[in-house]
Amino acid sequence: MERKVFQKPKYLKKAIFHYCPGCGHSIIHRLVAEVIEELDIGEKVIGVPPAGCAVLAYNYFDIDMGEAPHGRGAAVATGIKRILPDRIVFSYQGDGDIAAIGTAETIHAANRGEKITIIFVNNGVYGMTGGQMAPTTLLGQKSTTTPGGRDWARDGAPLDLSQMLAIAKGSVYIERTSVNSPKNIRRTKKAITKAFKVQMEGLGFSLIEILSPCPTNWKMPPVDAAKWVEETVMKIFPLKVIKDEVGKS
Amino acid sequence: MDKKVLMRGSHVIGEAAVRSGCRLYAGYPITPQNELGEYMSEAMASLKDGTFIQAESELAAINMVLGASMAGARALTSSSSPGISLKQEGISFMAAQELPAVIVNTMRGGPGLGNIAPSQGDYFQATRGGGHGDYRTIVLAPASGQELADLTRKAFEYADKYQTPVIILGDGMMGQMMEPVEFPDPIDLNELPPKPWVLDGAKGRPSRIIKSLLLDISMEEEHNWKLSRKYESIARKITSSETFMVSDASLVVIAYGTAARIAKGAIKKVRDIGLNVGLLRPITLFPFPKRALLEISRLVKNFLVFEMSTGQMLEDVKLALEGRSNVHFYGRPGGIISTPDEISKVINSLYHRQHLEEG
Amino acid sequence: MSRKTKTGRIALDSELCKACYLCISVCPKNLIKVSDTLNHKGYYPAKFTETENKKKDHKCTGCALCAIICPDIAIEVFRG
């Protein structure tokens with residue numbers, strides 16, 4: 001008896017993704033939707049999309065979603081969660097959104113231990129605006145505002161926001177994963193599940209940083225972009241559990 | 001509290017907010033309005049469903065209000081001039097997303113860091129949207145402790161009813177002065193009409209989206225006109241002003257807030273020496289009471305706009321009158337508080353100059 | 001007694017495919033190739049080469065690695 005073992009998850013609408021070929025966003029959308037379904041929280045989840053390529057996330061997720069100004073996802077999610085503490089509230093943000101313009105809001109939400117979950121998509125570049133440098137752009141990496149490659153003296157080094165958030169006492173679970181290979185995609189799904197469970201158990205702030213390919217702005221074919229994450233990006237942003245306070249008092 | 005109490009202006013706003021069903025306050029300390037945040041920190045803690053957040057910035061605070069509003073709560077933030085500048089992005093978003101919110105601006109000297117003394121230098125910021133894009137916010141200008149209470153109640157009602165941010169525009173003096181105030185009874189949140197657009201989890205209903213992005217330019221145009229029509233409708237319903245001794249006046253002073261209190265004192269003085277002067281006090285600054293002004297201008301050909309600024313409401317007066325009357329101006333920016341005596345001298349001198357011109 | 005082997009198949013929607021070819025790069029049995037027919041988006045989509053009629057030497061096990069990595073959820077996977 002043949003049975004279907006893989007299909008589009010329930011909490012994604014019929015809309016066709018606008019993302020570029022090989023982009024990690026839609027993989028991550030799918031994983032979040034699968035986790036929402038498996039944890040049975042579709043009727044109590046509220047998502048906050050960013051400004052960035054995923055600004056149209058509400059066209060895809062079939063859940064309540066409220067747009068935040070660029071960078072403010074953690075503050076908007078805080079407002080929602082404080083009013084509706086029994087709902088599951090997550091913010092979905094790119095690297096510029098969370099680690100440049102939104103740094104203060106993110107660090108302070110973590111510091112206060114806001115019981116929200118953040119999905120942080122790190123593709124080392126500002127995608128929607130055409131490929132400018134991001135806080136996580138690697139040294140030497142070319143972008144439209146670092147045509148000669150990111151230079152330490154002019155631009156500073158890439159920022160590891162997740163490490164910064166780990167210092168905040170209110171953060172409970174922080175992990176960095178990737179969606180560049182099926183093995184890492186499975187790992188990402190487990191991490192997202194864990195992060196949502198942290199919120200469901202009322203433990204505190206959780207964040208999953210997901211390395212994601214941006215073939216268009218990295219100017220490489222998708223298969224090469226996926227390899228580049230493995231061979232280059234992970235050297236600066238290694239995959240690991242950065243903080244796990246679950247089970248500790 | 002069901003009788004008059006003596007209370008500081010900033011506290012009055014807080015107490016009125018709580019009684020109006022405010023259940024989230026987010027703010028950042030800035031003089032001269034810190035008393036409001038401090039009041040709310042206690043008030044929210046005493047409610048089982050109240051939230052107080054001392055946010056990391058005024059910017060974070062307005063965004064927490066945005067989120068709380070999306071979740072259906074009556075939410076409040078407050079600041080003073082430079083902090084209100086930081087909130088403009090959030091206010092623009094909420095106007096576009098048609099979310100309710102109440103924002104209190106206790107104006108101080110500016111621009112820039114300015115000083116902590118009272119001024120009325122943020123009139124343009126408050127009445128012209130203040131942030132980017134084609135929108136306005138309702139602006140209410142209290143001029144007494146009682147009005148602080150009454151207009152705070154109205155602010156929350158208007159915000160919910162018209163799904164738009166409402167600014168309560170006060171100044172440092174309003175925030176600090178103590179007057180007897182009678183508060184209305186606390187409202188029962190359960191009796192408020194439900195909000196059918198709230199994001200509270202799609203249980204038993206389709207999922208909802210609250211957004212302001214409209215890439216399709218026809219849709220954006222349509223949305224802009226929708227907001228514009230909303231503001232016109234608001235103007236027809238809530239425009240409000242107070243007149244004082246205008247029926248036989250040949251010169252009418254136009255002032256709001258603290259300036260209006262000073263002007264009233266000055267007008268009483270000049271009336272004592274036989275000058276026929278009155279006062280028009282706008283209470284809603286947006287929508288501006290054009291009709292009331294035009295009505296007065298049928299018989300009154302001289303107006304004196306008095307503001308604690310270099311002249312901002314002055315422009316709305318001129319726009320409304322469209323050249324029908326003479327508009328004079330007296331302003332003291334920077335935090336100077338004129339005395340009724342000073343203003344009475346200004347009125348006196350202008351009154352006699354007028355009469356000399358009329359021969 | 002015949003040993004039961006895992007068999008699977010995929011249904012790849014060529015109109016959803018954006019030709020990223022990540023599926024091709026992960027299929028352990030090299031069962032996905034680039035099609036030589038354009039889809040309506042103007043891409044040469046990926047194409048599953050194991051036809052339904054092919055029972056002998058059936059290689060697809062329904063491991064779903066292709067579907068897991070496909071950003072456009074263009075692949076459904078069946079087993080059994």
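**Chain contacts and a buried strand in a predicted model**

Chain C has a mean pLDDT of 91, and 90% of its residues reach 70 or more. The structure is a predicted model. Its scores are ipTM 0.96 and pTM 0.96.

Chain A was examined for its overall form. Its secondary structure comprises nine helices and eight strands. The C-alpha atoms of chain A occupy a box of roughly 50 × 50 × 30 Å along the principal axes. The radius of gyration of chain A is 17 Å, which agrees with a compact globule, because a globule of 249 residues would have a value near 18 Å. Of the 249 residues in chain A, 60% are buried. Contacts in chain A were also sorted by sequence separation. Among those with a separation of 6 or more, 68% join residues 24 or more positions apart.

Chain A touches chain C. In this interface, 22 residues of chain C are in contact with 22 residues of chain A. Three elements of chain C each supply at least two residues to the side that touches chain A: helix 1 (22-26), helix 2 (65-69) and strand 4 (75-79). By class, that side of chain C has 15 nonpolar, three polar and four charged residues. Strand 1 of chain A (residues 3-6) runs antiparallel to strand 4 of chain C, and three bridges join the two. Within this pairing, C:Phe78 of strand 4 of chain C stands opposite A:Lys4.

Chain A also touches chain B. Here 31 residues of chain B are in contact with 28 residues of chain A. On the chain B side, helix 3 (58-70), helix 4 (81-97) and strand 9 (209-210) are the elements that give two or more residues. Helix 3 of chain B provides the largest share, eight residues. The side of chain B that touches chain A divides into 15 nonpolar, ten polar and six charged residues. Strand 9 of chain B pairs with strand 3 of chain A (residues 64-66) in the parallel sense, over two bridges. B:Ile209 in strand 9 of chain B stands opposite A:Met65.

Within chain B, strand 14 was considered in detail. Strand 14 of chain B spans residues 302-307, and six of its six residues are buried. In a regular strand, side chains alternate between the two faces of the sheet. Both faces of strand 14 of chain B are covered. One side carries B:Asn302, B:Leu304 and B:Phe306, and the other carries B:Phe303, B:Val305 and B:Glu307; all are buried.

Strand 14 of chain B has two strand partners described here, strand 11 and strand 15. Strand 11 of chain B (residues 251-254) runs parallel to strand 14 of chain B, and three bridges join them. B:Val253 stands opposite B:Leu304 of strand 14 of chain B; B:Leu304 is among the buried residues. Strand 15 of chain B (residues 326-331) also runs parallel to strand 14 of chain B, joined to it by six bridges. In strand 15 of chain B, B:Tyr330 is the bridge partner of B:Phe306. Between strand 14 and strand 15 of chain B, the chain passes through helix 11 (residues 313-321), and this β-α-β crossover is right-handed.

How values were computed. Residues numbered from 1 in each chain as written. Chains lettered and ligands numbered in written order. Predicted model: local features only at pLDDT ≥ 70, side-chain atom pairs only at ≥ 80, totals over all residues. Buried ≥ 20, exposed ≤ 12 C-beta atoms within 10 Å, placed from the backbone. Helix = DSSP H or I, 4+ residues; strand = E, 2+ residues; numbered from the N terminus. Pairing = 2+ DSSP bridges. Right-handed = clockwise from strand over helix to strand, strands pointing away. pLDDT = per-residue confidence, 0-100. Contact = placed C-beta atoms within 7 Å. Nonpolar A, V, L, I, M, F, W, Y, C, P; charged D, E, K, R; others polar. Rg over C-alpha atoms; globule rule 2.2 N^0.38 Å.
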